[in-house]
Amino acid sequence: MGTWVIETEGGVLAKGADIREKTHHRGEFSTLKAQAVVTKPQGRVLHGVFTSPRATEKFMAVIGLDNKTVAFADEDGVLDGEIVNADRLNVIYRHISETDTVVGVGTFTRKK
């Protein structure tokens, strides 16, 4: 599955003065450029690493039986994706933690 370039826009709802270190988005409105690398694919199951300028975390994902959807889970949240073609996913991300809540929408584009 390779390396994917990620571009998203979203926001953070802080529940106090600080947000978690692994929260990739910052501020009420933010944009984010990041990368996802699939390190272990096996059938419909994928494992990998998500890296942004702010943090790195592991993820796992499954390709839906319809071959049109992808469901991801990382260390603190979930991401649902729609497969547009072999090189692009449209995604929506969300997490809720003790310190913050995040939502984001964007794209994964396969790096060539």
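Tutor: Two strands count as paired if DSSP finds at least two bridges between them, and the strands themselves are DSSP runs (E, at least two residues), numbered from the N terminus. This is a predicted model, in which local features need pLDDT of at least 70 and side-chain atom pairs count only at pLDDT 80 or more, while totals for chains, interfaces and linings use all residues. Residues are numbered from 1 along each chain as its sequence is written, and side-chain values use heavy atoms, with hydrogens and water left out.

Student: In β8, which residue is the bridge partner of L13?

Tutor: Strand β1 covers residues 3–14 and strand β8 residues 100–110, and the two pair in the antiparallel sense over 11 bridges. Within β8, the bridge partner of L13 is T101.

Student: How many strands make up the closed barrel?

Tutor: The order runs β1-β2-β3-β4-β5-β6-β7-β8, with antiparallel pairing. The closed barrel therefore has a strand count, under the definition of a DSSP run, of 8.

Student: Is N67 buried, partly exposed or exposed?

Tutor: N67 lies in the loop between β4 (56–63) and β5, and its phi is positive, about 60°, although N67 is not a glycine. Buried means under 20% relative accessible area and exposed over 50%, with partly exposed in between (1.4 Å probe, protein chains only). At a relative accessible area of 48%, N67 is partly exposed.

Notes. Helices (H or I, at least four residues) and strands (E, at least two) are DSSP runs, numbered from the N terminus.
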